[in-house]
Amino acid sequence: MNKHMLVKNLAPFSALSSTHGTISGLCDALEAVADSLPGNIDRHSCQCLSETLMPLLKLAQQREERQVFPPLRRKGGAAAMFDRLHQEHFEDLCFAEEASEALGRLARGEEVNTEATGYLLRGLFTTLRRHIVFEKDFLESLQATK
């Protein structure tokens with residue numbers, strides 16, 4: 001196998017690793033805010049996260065869908081799995097939009113139900129982390145069959 005082929009074969013995995021790093025960072029930030037509720041809220045962190053959550057998550061998902069999924073589909077990946085991952089991306093964005101709005105309210109010092117907000121944030125970062133684990137496991141099994 002020549003160097004070009006090796007780089008081409010590793011490119012989707014490198015892009016996915018970068019994407020997972022971005023999403024993991026968002027999860028860590030969401031968890032920190034959830035852990036700070038109800039009495040130790042960092043409004044500045046909430047504001048930054050409120051402003052960056054949706055754009056970063058969209059960018060990470062677009063990278064997966066444009067750079068990772070197509071070459072893996074061509075390698076014979078199960079189409080149903082990619083359809084599932086795409087649907088999860090949509091659901092994650094809907095959930096993230098709601099979380100972003102709640103973070104904005106926290107940043108502005110508005111009254112919020114902190115228990116419900118903590119539950120929302122934890123639900124989002126848990127779902128995102130589960131998605132990452134699934135993708136890693138799926139890609140490992142795809143690699144093992146080749």
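Trainee: The axes of α2 and α3 come within 8 Å and cross at roughly 170°. What makes α2 and α3 roughly parallel or roughly antiparallel to each other?

Mentor: Axes are lines fitted to C-alpha atoms, for helices over the stretch in contact, with angles from 0 to 180 degrees between N-to-C directions. Angles over 145 degrees count as roughly antiparallel and those under 35 as roughly parallel; α2 and α3 are therefore roughly antiparallel. This is a predicted model, where local features need pLDDT of at least 70, side-chain atom pairs count only at 80 or more, and totals for chains, interfaces and linings use all residues. Residues are numbered from 1 along each chain, and side-chain values use heavy atoms, without hydrogens and water.

Trainee: What lines the largest cavity?

Mentor: Its lining consists of Leu-16, Val-68, Phe-69, Leu-72, Phe-82, Leu-85, Glu-135, Phe-138 and Leu-139 (lining residues have an atom within 4 Å of a point on a 1 Å grid where a 1.4 Å probe fits but cannot get out). Two or more of these residues come from each of α2 (43–74), α3 (79–107) and α4 (114–144), helices being DSSP runs of H or I with at least four residues.

Trainee: How many of the lining residues are charged?

Mentor: One, beside eight nonpolar and no polar; Asp, Glu, Lys and Arg count as charged, Ala, Val, Leu, Ile, Met, Phe, Trp, Tyr, Cys and Pro as nonpolar, and the others as polar.

Notes: On a 1 Å grid over the protein atoms alone, a cavity is a set of points where a 1.4 Å probe fits but cannot get out, and a pocket is an open set with protein on both sides within 12 Å along at least five of seven lines; lining residues have an atom within 4 Å of a point. Angles under 35 degrees count as roughly parallel, over 145 as roughly antiparallel, 65 to 115 as roughly perpendicular and the rest as oblique.
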